[in-house]
Amino acid sequence: MRTLYAELNKRFPLGELTVQREDLGFITVEREHLRALLLHLRDLEGFTHLVLLTAVDWMEEGIFQLTYLLSDRKKRRDLGLRVMIARDGASMETVHDVWPTAATYQRELCEMFGIDFPDSPGVHDPFILEGWTDIPPYRREFDTKKYADETFTHRAGRETNDPAEYMKKQLYPDGA
Amino acid sequence: MKDELKKRIITGPDGFEFEVDPLNDYYCDAPPKVHPPAYVKIVEDLFNWARSESIWILGFGTGCGAIEMRPLMTPRFDAYRYGVQWRPTPRQSNLFIISGYLSVKTLKRVIRSYEQMQSPKYVIGLGSCTINGGMYWDSYNTIKKLDEYLPVDLYIAGCMPRPEALLKGFEDLKKIIRAGEGEGANIYAKNFDWYKANQKKVIQDWDMPDYNW
């Protein structure tokens, strides 16, 4: 993983490297280098597929972290690329023309985090939520319990009896 | 509302223009009616006995509980020996098992399927998710009380209940039907406005007629 990092660092300015395992690492990159890096990894380094594209909401820092996880079946290694984007009006360049699978992930991110990917096919179509009007539910300021309490009716909980209280009431009904 | 559901003029392959209004063309929006017992009690009892011995389940797994149906319909637990079988379409079935959690998106499909079933029809809520939300009690996307949206005859508690529990549930449902208490379809028709109001409260983009069969 470190040799790959040194190799890549000759061509691209890279950020921090985290080596999770011998065959799994994560590199922070700037968003303008992402596409070139993805193409390089696919065409020259032989990475065979995009495993997932997901987001982390760093609400306090005001950023979304996008993680592009790539896999290389032949050399049995996985590489994640971390891209930090601004949280306000979050928008990112689409990579569906590099990895077609990204279109589905981008559609999901658009719905669950409200990150826009202009030009990604069908990115604004409803994916899991239909007719959602609130803020995207995976954003951390979304209070899922409050929303559930307001939207759905809850069944009243069952009655429980504390044994000590119960026996006290049975034995000393007048509270003596 | 989606574009394909809007009223519009369409040009056919032969150049003939015609108007399409999907909501009125493809659905009947007449409200359901209450069907009172049609015969004297002894004949109704015979009918109820016959109904209880041919429970046909709609093969629609809404959540993880659907996995319990596979051993049930295959030789290991073999529910077919009790007159219980699975059918591919709502038209042929009279029991709807809501197997597990029900997301709002699935609820919409469940309502459509339920309304397409023939009366008399029964609903079983399987697993704790249908009773009080279960482990999804604070989820933003699953309903918590199934009987707010559909008339439920029987709940089977557990997470997940074993196939044996389902077999016991079928036996209990048979007792309910034989006693003439499997009146879910009539309850639904009687309290139709209440059910619809509850359904529309959670389904934000209601793009189907109120009653589609």
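Q: Two residues are in contact if their C-beta atoms, placed from the backbone, lie within 7 Å; how many residues of chain A and of chain B meet that rule across the two chains?

A: The contact involves 16 residues of chain A and 14 residues of chain B. This is a predicted model, in which local features need pLDDT of at least 70 and side-chain atom pairs count only at pLDDT 80 or more, while totals for chains, interfaces and linings use all residues. Residues are numbered from 1 along each chain as its sequence is written, and chains are lettered from A and ligands numbered from 1 in the order in which they are written.

Q: Why is chain B called as compact as a globular protein of its length?

A: The radius of gyration, taken over C-alpha atoms, is set against a globule rule of 2.2 Å times the number of residues to the power 0.38. For the 213 residues of chain B this rule gives 17 Å, and the value found is 19 Å, which is close, so chain B is as compact as a globular protein of that length. The C-alpha trace of chain B spans about 55 × 45 × 35 Å along its principal axes.

Q: How does chain A stand against the radius of gyration of a compact globule of 176 residues?

A: Such a globule would have a radius near 16 Å, but chain A has 24 Å. The C-alpha atoms of chain A fill a box of roughly 85 × 40 × 30 Å, and 47% of its contacts between residues at least 6 apart in sequence join residues at least 24 apart.

Q: What makes A:Tyr105 in helix 3 of chain A a buried residue?

A: A residue is buried if 20 or more other C-beta atoms lie within 10 Å of its own, exposed if 12 or fewer, and partly exposed in between; A:Tyr105 is classed as buried, as are A:Ala102 and A:Leu109, among others in this helix (residues 102–112). The buried residues of helix 3 pack against strand 3 (49–58) of chain A. Helices (H or I, at least four residues) and strands (E, at least two) are DSSP runs, numbered from the N terminus, and by that count chain A has 5 helices and 5 strands.

Q: What makes a group of residues in chain B a nonpolar core, and which residues touch the most other members?

A: The term means a set of buried Ala, Val, Leu, Ile, Met, Phe, Trp, Tyr and Cys residues joined through C-beta atoms within 7 Å. The largest such set has 43 residues, and those touching the most other members are B:Leu95, B:Phe96, B:Ile98, B:Leu107, B:Ile124 and B:Ile143. Helix 4 of chain B gives the most to this core, with 5 residues. Neighbours within four places aside, B:Leu107 is in contact with B:Leu102, B:Ile143, B:Tyr149, B:Val202 and B:Ile203.

Q: How do you know that strand 1 and strand 2 of chain B pair?

A: Pairing requires that DSSP find at least two bridges between the strands, and strand 1 (residues 8–11) and strand 2 (residues 17–20) share 4 bridges in the antiparallel sense. B:Ile9, for instance, has B:Glu19 as its bridge partner. The two strands form a hairpin with 5 residues between them, and B:Gly15 in the turn has a positive phi of about 85 degrees.
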